[in-house]
Amino acid sequence: MSHWQLAVKRTFAWPVIKRSLLMALLVGTVVNGINQGPEILQGRWPVIWKLVLTYIIPFLVVSYGSYAALRSPR
């Protein structure tokens, strides 16, 4: 198995996915609070596409960071 194939396999392992989800939840919540907090506090619905992207982007960044760290041979 090549280095990149092993990296992909490890990137999609449960411990890495769990860490990515936890970081996305933490970072996404903070960023949503900063960006859409005033609207939410005024009782208005947040912009859904912004809400979704604010959680997806940190997940992808953390997942890619794991992949990049794992793909290089040691």
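The crossing of α1 and α3 is right-handed, a term used when the near helix is turned clockwise from the far one by less than a right angle. This is a predicted model, in which local features need pLDDT of at least 70 and side-chain atom pairs count only at pLDDT 80 or more, while totals for chains, interfaces and linings use all residues. Residues are numbered from 1 along each chain as its sequence is written, and side-chain values use heavy atoms, with hydrogens and water left out.

Let us stay with this pair. Helix α1 covers residues 3–11 and helix α3 residues 48–71; they pack at an angle of about 145° with axes 8 Å apart. The axes are lines fitted to C-alpha atoms over the stretch in contact, and angles run from 0 to 180 degrees between N-to-C directions. On the α1 side, H3, W4, A7, V8, R10 and T11 make the contact, meeting S63, S66, Y67, L70 and R71 of α3 (contact means heavy atoms within 4.5 Å).

Now step back to the whole chain. The protein has three helices and zero strands, with helices being DSSP runs of H or I with at least four residues and strands runs of E with at least two. Its radius of gyration, taken over C-alpha atoms, is 16 Å, well over the 11 Å that the globule rule (2.2 Å times the number of residues to the power 0.38) gives for 74 residues, so the protein is more spread out than a compact globule. The C-alpha trace spans about 55 × 15 × 15 Å along its principal axes. Among contacts with a separation of 6 or more, 67% join residues 24 or more positions apart.
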